[in-house]
Amino acid sequence: MAETGASRLPQKPPAHSPLARAEHFVWLTARVLEQRRFAHHFLGGDADAVETALAAYRNDDDGYGHALEPDLRGPVSQPLHTAHALRVLDSIGRCGGQRVERVCRYLTSVSTADGALPAVRPSQRGYPAAPFVPVVDDPPSELLATGPVVGLLHRNEVWNAWLFRATDFCWQAVESLEKSHPYEIEAAVAFLDSATDRPRAQANADRLGRLVREQRLAALDPGRLEAYPVASGYAPGEHHFPHDYARTPDSLARAWFTDEEMARSLDHLADDQQEDGGWPIRWRQWAPGTALECRPRVTIEALRTLSAYGRTVD
């Protein structure tokens, strides 16, 4: 029997559940893209609707802009916007085909001399940007920008000439890490989780796990946050927890933490849902609109992490 339009409508979660409260928050505050993503991941919504909403942020150069990453405003394409677009496509099973080939053409056009990505290109100058995202004339390649993109493309078995040098850059960057900070480690994990050389990835993940614990980059006891210093340049209270590194149980970073440490981390994540139904952002808030746009995305990722670990959200 053909499916009716009514049967394709998102299914409502039970009233007052964490998911229902988050749904109310999303419908109240989120952009169309995050509304479509929430409906797809939790309410049975169509992936086509997500892809249609994402297309509004694409530019003629096949990159993405228009504040897709809310901390970078303005229309111009940037690697950080494009990395987020790939994460969205990956999350709905659409990270492949001609759409990604076009993205790879953009990545090739904006890469530095060593074949990798800067976080922000000089074209951002003149448009508002978070003060913690510097705009310089000759930006260097960064693992923070390149690692997650390379990891996503490898996980989706995308083969493009751009990947060869970018992958080499990531290996060199990861293997040279000695003193780091949480976001850079998260980028390294995003690369290692999908790198094709699994023994090499495992060895590097083991080393990074020791580094994270030695440098106290993960708050292992949310009840004693004063024991875990925030990284230099981060906002007060911008702690990172085991679930920030191991967003799914099959991540290489999961082995860095005991079952008890991970359980405490997930308990803290679940308890962090606010009265309005959304999850807070921990990084520095520099403009009211950007904070409002970021929270629905953070809410979706919190729910996805809890669900990945089998925590009941509905």
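The legends below describe close-up views of a predicted model.

In this predicted model, local features need pLDDT of at least 70 and side-chain atom pairs count only at pLDDT 80 or more, whereas totals for chains, interfaces and linings use all residues. Residues are numbered from 1 along each chain as its sequence is written, and side-chain values use heavy atoms, with hydrogens and water left out.

**View 1. Confidence along the protein chain, given as pLDDT (the predictor's confidence in each residue, from 0 to 100).** The protein chain averages a pLDDT of 94, and 95% of the residues score at least 70. Over residues 1-7, however, the pLDDT is below 50, and beyond near neighbours in sequence this stretch has one contact in the model, where contact means heavy atoms within 4.5 Å.

**View 2. Packing of helix 2 (residues 32-42) against helix 3 (residues 47-55).** Helices are DSSP runs of H or I with at least four residues, numbered from the N terminus. The two pack at an angle of about 165 degrees with their axes 9 Å apart, the axes being lines fitted to C-alpha atoms over the stretch in contact and the angles running from 0 to 180 degrees between N-to-C directions. That angle makes helix 2 roughly antiparallel to helix 3, a term used for angles over 145 degrees. The contact is made by Val32, Leu33, Arg36, Arg37 and His40 of helix 2 together with Ala47, Ala49, Val50, Ala53 and Leu54 of helix 3. By class, this contact of helix 2 with helix 3 has seven nonpolar, one polar and two charged residues, with Ala, Val, Leu, Ile, Met, Phe, Trp, Tyr, Cys and Pro counted as nonpolar, Asp, Glu, Lys and Arg as charged, and the others, Gly among them, as polar.

**View 3. Packing of helix 4 (residues 79-91) against helix 5 (residues 97-110).** Here the angle is about 160 degrees and the axes lie 11 Å apart, which makes helix 4 roughly antiparallel to helix 5. From helix 4, Pro79, Thr82, Leu86 and Leu89 meet Arg99, Val100, Val103, Tyr106, Leu107 and Val110 in helix 5. The residues of this contact of helix 4 with helix 5 divide into eight nonpolar, one polar and one charged.

View 4. Val189 is buried, with a relative accessible area of 5%, where buried means under 20% (1.4 Å probe, protein chains only). Not counting residues up to four places away in sequence, Val189 touches Tyr245, Ser251, Ala253 and Trp256. Val189 and His154 are 35 residues apart in sequence and, C-alpha to C-alpha, 13 Å apart in space.

Key
Parallel < 35°, antiparallel > 145°, perpendicular 65-115°, else oblique. Buried < 20%, exposed > 50% of the residue type's maximum accessible area, 1.4 Å probe, protein only.
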